[in-house]
Amino acid sequence: MSSGGVPSAAATSSSQCCGQHGSRGHSARRAPPLAIHEQEVGVADTLQLEPLTEEAFVANLQQRFKRDLIYTSAGDVLVSVNPYKKLALYSLDVVEAYRNRPILSHLPPHIFALADKAHWNLRERNEEQCVVVSGESGSGKTEAARIVLQYVTVAGSGPSGAQQDPALAPIKLIRDRLLQAGPLLEAFGNAKTHKNDNSSRFGKYLDVEFDFKGDPVGGTFTSYLLEKSRVTRQLAGERNFHIFYQLLTGADIQLLKSLKLHRNIDNYAFLRPSRPLSMETIDDKRDFQVTKKALETLGFSAEDVVQIFKVVASVLKLGNIGFTPTSNIDGTEGCTVTNDYELFEVCGLLGTNPMELTSALTQRTILAGPVLDSPSTNPAPPPPPPSCGSLRGVKSGGCSSSAAGTPPSFVPSSSMSSTASRDVYEVCEMLQHSTLARLTLADERGSTSTAGELVVADLSASEATASRDILCRALYSRLFAWLVKQVNDATRVRKYGKRKVLGILDIYGFEVFEQNGFEQFIINFCNEKLQQAVADCTLRQRQEEMLREGIEWTPVDFFNNTPVCELIEKNNHGILAVLDEESQRGGPGGDESFLARLCHTCGSSAYFETRNCAPHSAPSDLPCNTSVPPNCFRLRHYAGTVTYGVTGFVDKNNDTLPLDLSLAMFRCEHPLLKNLFPEGNPKRTTLKRAASAGTQFKISVGALMGNLQSKTPHFVRCIKPNELKQPRIFENALVQHQVRYLCLVQTIKVRKSSFAHSESYESFLHRYKMLSPHTWPSWRGSAVEGASYLLRDLPLSSPHFAFGRTRIFVRGERTVAELEEFRRQRLEDLAALVQKMWRGYRCRQRYILMRQSQIVIASAWRSWREWQIGKTRLFKGKKNLFCLYRVAREEYRELKRRKQIEWAVQVIQTHYLQWRRRQFLQRLCVSLPSESPMCREWPAAAKRLSDTSLLLRRIHHKWRCHKYRLKFDQTARNRMREKVTASIIFRDRKASYPRSVSHPFLGDYVRLRQNVQWKKICVETNDQYVVFADIINKITRSSGKFVPILFVLSTSSMLILDQRTLQIKYRVPAADIYRLSLSPYLDDVAIFHIKAVSLSIEFIFFFL
Ligand SMILES: Nc1ncnc2c1ncn2[C@@H]1O[C@H](COP(=O)(O)OP(=O)(O)O)[C@@H](O)[C@H]1O
Ligand SMILES: [Mg+2]
């Protein structure tokens, strides 16, 4: 079973070397062991292969294979050639060498390197990973997956980590359970086939969950469609599932006795075909111990183990039950169990009643057809379907509803779905009536049946055998599903926290046998999907990315298998859809009808052939395609053409277990059977019809592909060197065929002209920003700009990088490793810096604490010393000293309190004053006086603010004057100037001056300037510029009386004119007026003093 050369963790723990904690490049590095020293045989990394042709590639593989170098790197893919012998490639030394290798070291390609990369990405990049192992059946996939699992479970804390550290005991337990799940599932799910002695007959996908340190904390297994037909039938030269042989060969005599088994394999019909097989590669006895140990490690109790083996033994014994045909009284065929003792033993193992099991195996309960009142009106009944057996009204007791010799008055409706019959049956069950009672009642009512009546039909011997086989397959496959569930329970993650997942996919390999059935079709469909996913990732997506990112690129062609996948899975028109339709239709001849409909629906596809429809390439005039056998169809898969026989397709797709069997199994006392056959529970409520096997598989494969796409994939392509399963044989043509359909050369070509790594600018910058002072600690510009700054600051040449539209591309793996190395070194420096700062902080804190302690100690010491001194010198006793201390302390407190009060007063005062100032200003701003400069009002202010108030008043006054001035035009300004001049002259000198201030000075009070007569006069006398003109009183010298006259003052003279005639009476040139006098009193007298040549004259005027 476990024939690979990988030591199990438990088996090798004693020989292991130091398991270092810490990541790659940090641990003590040792020279790699001899086994992995690069031996220059061929080309290890085929990117360097020249010329890169299929032949050269295969020759290179062969050259390396001869020297036991089975791993070769092919671009993004690791190629592994099955050596069919144990190699010293997986020792713990080698594990350690790959685990601790420096980033830039060069070690030969190895599956450990791939597993390490996946684990490292998971740990360091925090990305979910998956390892996809693919290849033909027998190419070494299961071994590869096992090796990957063994590596990744120890990659975190090292192979010996858990053994040495008790805190890691839970990790060790999970590690052991994950590793032991493999042998257990292989014992129940693997078998010897022509292709492989340990061929996986189920698909397996394991999600291992890791904590942040990279240690496994749990896992979940998903199994895909077990090939259960193998339980009852195997091809010549193949074997049944391993567990049957292991149990018979390995179990001790007591166990065998309790299971009522014999050691001789020949005693069991289901195992007989494999009897002549040589047992070179399989040691069932040893493997049984491995299986038992696995069950134990996975937490199965001794009782559980016995119950599991009881089910296995029951399957074996059921296989031995034969049926003898009998004729019923009504002429229909029935059967009885030939070997009752086997049946009794099975019933003993399962805890059920032999009668009940016999009825379940030899009879079928079905739903009756439409109401038929009399036999005469009854149309000829259609023949019963082969799976339904002949019908009788009631068995056991002979109270049949049909009279002897007459045809049964009710027939099963072939169009009635099994679900409907089940529903009615369940209703009966729920009503607590037994089928028998129900039927008897119906019979007593008078030999007629209504639609919906349940009847029991006898099965013929061949039908009973088929029924028995169905039961055996169901028992075994459900036991397997239950085991997977139990394993998952045992490996479930129990710790909370952030976790990352690494998936390992080991699906059944591509298979072509001489006869291929439904199972091979499903297996090959799965492989087709996997091939599509791998090609998508390594070839299509990569090329599309280059084009999308605008990087120069020459497209590489490859075989695209999408049409084949669509041919199989397309909704409505795919092979699986047609099969589903046929399965739902039910009735006889399903397989033939399925083939006919396939021919009609898929006949146009170039990948599909039947006898009646040839591929497009074939000449159309050929009447029939004789290369395809009858009842077969042929598909052109990516890995070759496969011919499938359609017999059994519909039944296997339907995969329904007759309700009689479910019920019988549910009623068994065996504790597992209630779990395995829940639909047998009459109280269950779900009446939904289960999806067909094909559809279920399609859905689960779709989910699997989605899951793989969400993770970073790592591909292992396994190659089978020969069909003989022999070491040292390398069949060139076989390998070349595999290399071709796996598109390995194209993968290398694409990788060679593309880049090893691509990443979005944002994530690239985020990962490496610490490598440039421009981008560390934070970069605010665009990510592209940041990335180019970053690269400029690195000692790496620019041809190693390419800038796409949204992603940056790194040419070689080595450059990626160099970047990682730079990052590691820089992180070490940064870690040292953080440590330094932390230590500094700690020391400072310590220093502060020590200083405070020192002060406390010193003060205590001083107190003590004073007390000592006081005791001897000043005070008589301790009591006085304490009094003194108390007084001093009181005084100190008082002083402190006073100081606090003073401080408080100051604060209050300051705030109060500020508040007052604020109040004053706020009040002032709403009660400002008028804006007239004449206004004298001003709001009163507190004495403390009088200076401020005065200042503000001045400012306000200046401001309003300024505003006032701004309103003046030129005339007003002139007038003001006159007023100011008048003020300078008359203010405080003339009592009537204040009265005049408010009157504007006009000068020409009689509008003389407009007078026509005056205009003439003034031209003559040159007195055009009148400064003053008004009617005033002149005091005559002679009489002293007032005489009104027109007084005019021009710029050149003073004139006295008659007020009516404007006749000039006197004209005195301005130069002759030498003085002007005014009285200081409240009169209007003005005196003009005039120089005269002969006498001096003075005019005295009264200005009114
Ligand atoms: N790396 C290996 N080292 C040694 N033997 C191997 C190795 N890989 C496969 N084998 C042998 O090939 C057999 C078939 O391998 P297996 O992994 O079961 O094939 P697959 O799962 O692809 O059908 C194994 O039982 C084992 O004997
Ligand atoms: Mg396998």
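Me: What relative accessibility does arginine 540 have in this model?
Reply: At 28% relative accessibility, arginine 540 counts as partly exposed, because that class lies between buried (under 20% relative accessible area) and exposed (over 50%), with a 1.4 Å probe and protein chains only. The model is predicted, so local features need pLDDT of at least 70 and side-chain atom pairs pLDDT 80 or more, while totals for chains, interfaces and linings use all residues. Residues are numbered from 1 along each chain as written, chains are lettered from A and ligands numbered from 1 in written order, and side-chain values use heavy atoms, without hydrogens or water.

Me: Which residue does arginine 540 form a salt bridge with?
Reply: Its partner is glutamate 544, with the closest N and O atoms 2.8 Å apart; a salt bridge here is a side-chain nitrogen of Lys or Arg within 4 Å of a carboxyl oxygen of Asp or Glu. Both residues lie in helix H18 (residues 518–548), 4 residues apart, about one turn of the helix, and glutamate 544 is partly exposed at 36%. Helices are DSSP runs of H or I with at least four residues, numbered from the N terminus.

Me: OK, and what does the pair of aspartate 284 and arginine 239 tie together?
Reply: Their side chains meet in a salt bridge at 3.0 Å, N to O. Aspartate 284 is in helix H11 (residues 284–297) and arginine 239 in the loop between helix H8 (229–232) and helix H9 (242–250), so the pair links parts 45 residues apart in sequence.

Me: Are those two buried or exposed?
Reply: Aspartate 284 is buried at 6%, and arginine 239 is buried at 0%.

Me: How many salt bridges in total?
Reply: The structure holds 51.

Terms used:
Helix = DSSP H or I, 4+ residues; strand = E, 2+ residues; numbered from the N terminus.
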